[in-house]
Amino acid sequence: MNISVSVGDDLVFNILSFFPVKSLLRFRCVCKRWRCMISDPSFVEAHQSRSATTLLVSSFDDRSHDRKRILYTINPSINEGEVRCLSEFSNWNISGSVNGLVCIYEQYRAGSHRVRLFNPSTREYVNLPPPIFSGRDSSKQVYNLGFDPSTKTYKILRSWIGNWSNCKYEIFTLGSDSSWRIVKDDPKVVLDTKGVCLNGTIYWTKGMGFQNSTIIMAFNVGEEKFRSVPAPPTDPMWDFKTLRMIQMGGHIAIVDYQEVAGRMGNVMIIWKLEDSLNGIWSHKRILLPESLMQRIPRHSSFCVTSLDGGEIALIPSMLFKDRYVVYYNLEQERTRREVLSCLFRNMWHVSSPYAYCDDFSVYVESLISLKEITCVCRTFEGDNQAVGMTYSYS
């Protein structure tokens, strides 16, 4: 006797939402019902909320002719820091990750200004129209990806640094713009670094050398306006080579590891922005164990981020043969050091013993379809098409 068992859609929905993106992309071929379910926005949102949190690292070999860059993830919950390569490309730079998406843009190649929105999990990307401002030197530009949660809109902010440090800003709204727009609000500050997007606002730290002070700038993605955020009341004398801005527990935070980098002490200070409108800050001193300090080379630079579980993660900017990540638990005040697996060494097909790490952030896999958030259907000679955009899979 054949017994058929019917499984309800709700149960299938819950089971599938725990699978990784790579498996779900294959499962879409099982049947039309599964394909529709996996592509549904409610499933995409549920899947992202249940996906494991990993660390996204961007590394490049500065001495190679094509400046090869690799995106890879580190799973902090697995011993020896399981590493998985997501993508690799040459002569391209990368923005910070927002909801599993990044903006990548061509750099270090004279006269080229190609820019893409990229989903590393699905490997889908969309080419955006050329920006307004251009020149021979493509290195004088920085792209920041922003998200407005009130309208669920993604925007890309571009900083273009011209002659005499004259900075111009332009913006592109995914899903509505067919070309870049000049930002009307002028911050009167050159924001030439990667910012951190949190709750609809992009934040930067900026050192004002001639005033020997520090300012924090913010850009409201929805309103497209800049504003300054009051710095900590003590106005610490920060060295921007040993300073990192991160997200921590739903707040913007600044990590100062100047003493650790210079081997002058084992203290690392975290300033957390409790209230951005009134400039209310709190700070915490972290004491790293002496056993760890002895293994850190003098004048070391780190990339820093934080995990949802209350851990601060540090990875050396210069990745020597001894490749590792340091985790510090803020609540338990404990430190652990995880050596990366040998898989990472096999990623570099060069003889150099080290590579540079220039971006380090929390990353969650995403099924977000770029066509859903960027495709603007317009009637043109009887055809519906996306204006100024092309889609592909790497």
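Mentor: Keep in mind that this is a predicted model. Start with the open sheet: four strands in the order β8-β9-β10-β11, paired antiparallel.

Trainee: What makes β8 and β11 edge strands?
Mentor: β8 (141-148) and β11 (181-182) each have a single partner strand, so one side of each has no neighbour in the sheet.

Trainee: How do you know that β8 and β9 pair?
Mentor: Pairing needs at least two bridges. Eight bridges join β8 to β9 (residues 153-161), so they count as a pair, and they run antiparallel. Across them, F147 stands opposite Y154 in β9.

Trainee: Now the rings. How many aromatic pairs does the whole structure hold?
Mentor: The search finds 10.

Trainee: Why is the pair F19 and F27 called edge-to-face?
Mentor: The ring centres are 5.2 Å apart, and the limit is 6.5 Å. The planes stand at 75 degrees; over 60 counts as edge-to-face, so the label holds.

Trainee: Why is the pair W204 and F226 called tilted?
Mentor: Its centres are 6.3 Å apart, within 6.5 Å. W204 lies in β13 and F226 in β15, so the pair ties together parts 22 residues apart in sequence.

Trainee: Is W204 buried or exposed?
Mentor: Buried means under 20% relative accessible area; W204 has 1%, so W204 is buried. F226, at 10%, is buried too.

Trainee: What makes R336 sit over the ring of Y327?
Mentor: The charged end of R336 is 4.0 Å from the ring centre. The distance limit is 6 Å, with an angle limit of 35 degrees from the ring normal.

How values were computed:
Residues numbered from 1 in each chain as written. Predicted model: local features only at pLDDT ≥ 70, side-chain atom pairs only at ≥ 80, totals over all residues. Heavy atoms only, no water. Phe/Tyr/Trp six-rings, centres within 6.5 Å; stacked < 30°, edge-to-face > 60°. Helix = DSSP H or I, 4+ residues; strand = E, 2+ residues; numbered from the N terminus. Buried < 20%, exposed > 50% of the residue type's maximum accessible area, 1.4 Å probe, protein only.
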